Structure formats: structure tokens, C-alpha cells
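Please read the points below with the model open beside you, and look up each residue as you come to it. The note moves from one residue to its surroundings and then to larger elements.

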Amino acid sequence: MGSNSVPGWRGLNVGVIGGGIGGMSVAIALRRAGHQVTIYEKSDFAGEVGASVSCAANGTRWLHEWQVDVAKGDPVILKQLINRDWKTGEPVSVYDLADYEEKWGYVYNMFHRQYMHAMLKDSALEDQGKGRPAKLLVNHKCKEIDIHSGKVTFDNGVTVQHDLVVGADGIGSAVRGAIGIHPQKRPSEQSCLHANVTTEEAVRLGLVDYSQNSALEYWGGQEGKWDKIVLSPCNDGKLLSYYCFFPREQGDFANQTWGGADLPTEDLLRPYPELDRQVFKHLTIGKEIRPWRLWIHDPYPYIAKGNVCLLGDAGHPMMPHQSQGACMAIEDAAALGIIFDEDHFKGDIGEALAVYNQIRLPRATRVQAAASKAAYNINERIGFSVNKSISTYKVEDPKKILTIEEMNSYDMYKDIDEQLAKRRGTAYTEKYLNGLPIGLELPNGVVVGA
Ligand SMILES: Cc1cc2nc3c(=O)[nH]c(=O)nc-3n(C[C@H](O)[C@H](O)[C@H](O)COP(=O)(O)OP(=O)(O)OC[C@H]3O[C@@H](n4cnc5c(N)ncnc54)[C@H](O)[C@@H]3O)c2cc1C
């Protein structure tokens with residue numbers, strides 16, 4: 001690789017457990033930082049599901065920094081967040097994203113999960129691009145890890161050894177147990193069914209063409225109720241991905257997994273006798289109806305130990321209500337890419353993972369907490385959280401609302417430099433605190449550094 005800016009830098013042999021969105025992202029970030037990466041995935045990806053995944057500017061910026069071919073993800077660029085009345089469908093709260101790119105430098109993408117995954121996989125594995133291509137080994141289910149030696153054992157009997165092991169193995173992580181975290185998870189009070197509707201079929205049947213809005217649209221979510229419909233258009237507007245939430249007592253899918261048979265349409269429609277008929281009609285033509293398990297995990301005390309760290313849902317599984325799960329996995333990957341690059345890594349994996357733990361845990365767990373609140377109160381959702389003039393606006397603590405400003409003003413390089421300086425006892429002179437500019441007044445009234 002190029003000339004090393006810090007003495008002691010060395011290329012690592014990294015094992016990534018899990019080849020999902022986070023695993024592919026970290027493979028990109030670490031290959032670009034000069035390391036040899038092998039990804040071990042338990043499945044062969046045949047059961048990947050068709051559903052949308054959003055990627056706000058705080059995730060999109062890394063895709064561009066890594067020169068990922070974003071067009072391969074066939075995204076819809078979001079122009080609005082719209083919250084509609086449950087019964088009439090009339091807009092209640094709207095957050096306009098017209099100046100979003102101008103303000104934050106990057107767009108708010110809505111990808112199809114499979115397209116996004118393929119886009120990231122290509123970037124991780126293909127010859128072109130900075131660094132050496134990562135290797136992918138499918139049908140490798142991680143069973144055990146020795147966190148000090150980096151020895152990993154798989155279900156198929158294969159054993160490997162790596163300098164650094166990244167656990168990107170999702171919400172049911174096996175790596176998490178290996179670093180001593182055994183979460184007390186509990187099922188959410190809410191259930192979720194997902195359904196796909198094609199715009200072509202909706203239009204052919206004379207239904208509303210929601211794709212025209214290029215918006216992430218929500219029905220309900222106000223007044224402490226668990227009922228909510230989330231519509232996200234993807235595949236350039238050709239596919240409408242519906243997440244349909246309702247109280248768990250009306251249907252408990254907590255123990256179901258993706259990959260089972262599709263559920264009947266009646267299961268999807270039953271909880272919604274009063275829902276706006278326009279969107280209800282869309283649900284009547286919903287296909288691939290599948291439950292999405294909702295388990296609540298409280299924040300973990302740490303996400304790194306020995307030569308092993310957690311990333312994405314393995315380290316901070318969150319409710320889907322801030323649409324930040326994928327972005328947080330991408331940010332984790334970006335952090336490792338910077339911490340282990342030639343400007344920052346001095347060869348001490350312990351120091352590097354301590355900084356990773358220190359910068360990622362507070363930010364990801366703040367989003368995790370905000371996602372739990374937004375489950376029953378859409379006014380807590382980033383964007384809507386600043387629409388204070390609407391009649392139903394109410395939040396738990398106005399000083400704690402999460403905002404687009406906080407998410408997108410964050411400078412990860414500065415945060416890493418500050419934490420490394422503290423550890424190394426060197427001076428840090430930038431006017432930033434934990435990655436945010438000192439003096440910045442956030443919409444919740446908090447002034448950074450005050
Ligand atoms: C249907 C659906 C829709 C979603 N929509 C959104 C959205 O709109 N916005 C958003 O931000 N987030 C969304 N999310 C959440 C988001 O996808 C996750 O937060 C994000 O994918 C986290 O990435 P990850 O790599 O941590 O986990 P995953 O993408 O789940 O990847 C984990 C991978 O690890 C593999 N694995 C598991 N165990 C092992 C093992 N023992 N050994 C080897 N491999 C293993 C799995 O097979 C999988 O490939 C959605 C999730 C789902 C399921």
C-alpha cells in the first residue's frame with residue numbers, strides 16, 4: 001500500500017462473520033484501508049427477502065467515499081417524509097427533503113434490500129477498487145470464537161485464524177456470545193408484517209400511484225398507538241414496500257423467521273378495519289406477506305473485546321422506526337475503515353478497538369433509544385421530531401429528540417482523532433466535541449460543548 005503516515009501500521013488478516021449489509025460494508029472499508037478480508041456467511045443468500053432499506057445522508061456519504069456504484073442499488077431518492085391521518089389519509093405532518101442534498105451533501109436513498117446487498121457485495125469482492133478484493137465463503141456458520149487468538153470454528157468443521165474478527169452476524173449474533181454478551185431480549189408490544197405491491201399492478205387497478213411522491217409515507221403512529229403503516233418506494237418507484245405494524249395481541253409473530261411460506265392477505269388486513277381505504281386497497285394486492293420479528297434489546301455494555309468486535313445489528317439491534325439500522329451498520333464499517341487506516345492505526349488492535357467502542361456505542365445506542373420511542377410516537381422520528389407546530393406534537397423530552405442536524409453534522413474523522421488523541425496523550429485542537437462542532441445549536445436547544 002502507499003506510504004504509511006503513522007509508524008507501526010501493518011496489514012491485518014481480517015475475518016468478517018456475516019455477509020449482510022454490515023459485513024459487506026466493513027469488507028469494503030477494510031480492503032480500502034489495506035487489509036486482507038475474508039467474509040464468512042452462514043447462508044448462500046438464496047433466501048434474501050424483497051423489501052426496502054433506507055439510507056439517509058449519514059449512510060450514503062460513506063457509499064460515495066468508498067466509490068460504491070450507487071446506481072446499481074436502483075434507489076428512489078426521497079423528497080419528503082409524510083405522516084398521514086390513519087382514517088382519512090390526509091397529511092398530518094410533512095418534512096420536506098427538497099434542500100436535503102444541498103444542506104447535507106448527500107441524498108436520502110431508498111434501496112431494495114437485495115439490490116443494495118448486491119451493490120455492496122460487488123464493491124467488496126470485485127477486482128476494481130482500492131485494496132485487495134475481499135473473499136466470500138458461503139455456507140460457513142460461525143459456532144465458536146477464541147477472542148484472544150482469533151480462532152474461529154464453523155458448523156461445517158472448518159477452523160480459521162484471523163488477526164481481527166468482526167461480528168457482523170445480525171440480530172441473532174453468535175459472535176456476541178463469544179465476547180460475553182448475553183442480552184435479555186423481550187418481544188416488542190408491536191408486530192409487523194411486510195408486503196410488496198408493484199406500482200404497475202396498483203395503477204392498472206386504478207389505485208393511487210404513491211410512487212409519484214418519492215416519499216417515505218406513514219399512516220398513523222400518533223397518540224401512543226402501535227398501529228402504523230410505513231410505505232417506502234424502491235426500485236426507481238416500481239416496487240412499494242409496506243411495513244404494517246399493529247399491537248402484538250392482534251397477531252404474534254415474534255418467533256417467526258424470514259424464509260417461511262407467505263402469509264394469507266387476511267392476516268395483513270385483519271388489524272385495519274378503520275385504515276384509510278386508499279392505502280388499504282394497496283394492501284389487498286400485497287404479495288410476499290412475511291412477518292418481521294420485533295425484539296427489544298437494551299444497549300450492550302461494550303461491543304469489542306480481545307481481537308473481536310461487533311458491528312451493525314449484532315452490536316446494537318434496534319427497532320426499525322428511525323430507518324437507521326442499515327446506516328448504523330455502514331457507520332460502524334466506516335469507523336473501522338478509518339481507525340485501521342494508514343493515518344490512524346499504529347499496529348495495536350486493542351487501542352483501535354477501544355476507540356471503536358468509544359465512538360460507536362454512544363451514537364448507535366442513542367439512535368437505538370430514539371427508535372424505541374418512535375415505535376409508538378412518530379413525533380420522535382428524525383425529521384418529524386422538529387415539526388413542533390402540528391396539533392398532535394408531543395415528545396417525551398424535547399431536549400432529547402433526535403434530529404437530522406445531529407445525525408448529519410457528525411464528523412466521524414474528528415471524533416476518532418479526538419479519542420485517539422486522548423488515548424495517546426497528544427493535543428487535540430479541533431473545535432469539535434464527540435464529532436459535533438462546538439457551539440452548534442441543535443434543534444432540541446442543546447448547544448454542543450455548552
Ligand atoms: C426486511 C427488512 C427491512 C429492513 N428495512 C430497513 C430500513 O428501511 N432501513 C434501515 O436502516 N434498516 C432496515 N432494516 C434493518 C437493516 O436491514 C439492518 O439493520 C441492517 O441490515 C444491519 O445489517 P447487519 O449486517 O448488521 O445485519 P444483516 O443484514 O441481518 O446481516 C447479517 C448476516 O449475518 C449472517 N449470519 C447470521 N448468523 C451467522 C453466523 N453464525 N455465521 C455466519 N453468518 C451469519 C446472516 O445470514 C446475514 O447474512 C431492515 C431489515 C429487514 C430484515
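Is tyrosine 106 buried or exposed? Tyrosine 106 is buried, because 21 other C-beta atoms lie within 10 Å; the terms are set by counting other C-beta atoms, placed from the backbone, within 10 Å of a residue's own, so that 20 or more means buried, 12 or fewer means exposed, and anything in between means partly exposed.

Before going on, please keep in mind that this is a predicted model, in which local features need pLDDT of at least 70 and side-chain atom pairs count only at pLDDT 80 or more, while totals for chains, interfaces and linings use all residues. Residues are numbered from 1 along each chain as its sequence is written.

1. Tyrosine 106 and its surroundings. Tyrosine 106 sits in the loop between helix 3 and strand 7, where helices (H or I, at least four residues) and strands (E, at least two) are DSSP runs numbered from the N terminus. Leaving out residues up to four places away in sequence, tyrosine 106 touches Ala57, Thr60, Arg61, His64 and Glu101, a contact being two C-beta atoms, placed from the backbone, within 7 Å. Valine 446 lies 340 residues from tyrosine 106 in sequence, and the two are 25 Å apart in space, C-alpha to C-alpha.

2. Helix 2. This helix is largely enclosed by the rest of the structure, because seven of its nine residues are buried. The buried residues are Ala57, Asn58, Gly59, Thr60, Arg61, Trp62 and Leu63, and the buried residues of helix 2 pack against strand 3, helix 3 (100-104), strand 7 (109-112), helix 9 and helix 11 (404-409).

3. Two positive phi values. Glutamine 67, in the loop between helix 2 (57-65) and strand 4 (76-77), has a phi near 55°, which is a positive value in a residue other than glycine. Asparagine 139, in the loop between strand 8 and strand 9 (142-146), likewise has a positive phi near 55° and is not a glycine. Glutamine 67 is partly exposed, with 13 other C-beta atoms within 10 Å, and asparagine 139 counts as partly exposed with 13 C-beta neighbours inside 10 Å.

4. Six strands form an open sheet with mixed pairing, in the order 8-2-1-12-21-20; two strands pair if DSSP finds at least two bridges between them. Strand 8 (135-137) and strand 20 (304-305) stand at the edges, and because each has a single partner strand, one side of each is left without a neighbour in the sheet. Helix 1 (residues 21-32) packs on the sheet and touches strand 1, strand 2 and strand 12 (164-167), with its direction at about 170° to that of strand 2; here axes are lines fitted to C-alpha atoms, for helices over the stretch in contact, and angles run from 0 to 180 degrees between N-to-C directions. Strand 1 (residues 13-17) and strand 2 (residues 36-40) run parallel and are joined by five bridges, with asparagine 13 opposite glutamine 36.

5. Strand 5 and its partners. Four of the five residues of strand 5 (residues 80-84) are buried, so strand 5 is largely enclosed by the rest of the structure. Strand 5 pairs with strand 6 (residues 91-96) in the antiparallel sense over five bridges, and arginine 84 stands opposite proline 91 there. These two strands form a hairpin with six residues between them, and glycine 89 in the turn has a positive phi of about 80°. Five bridges also join strand 5 to strand 15 (residues 215-220), which runs parallel to strand 5, and in that pairing arginine 84 stands opposite tryptophan 219.

6. Alanine 333 is found in helix 9 and counts as buried, with 29 C-beta neighbours inside 10 Å. Neighbours within four places in sequence aside, alanine 333 is in contact with Gly22, Ser25, Val26, Ala29 and Leu311. Helix 9 also gives the most to the shell around the ligand, with four residues. The ligand is surrounded by 36 residues, of which the closest are Gly18, Gly20, Gly22, Gly312 and Gly325, a residue being near when its C-beta atom, placed from the backbone, lies within 6 Å.
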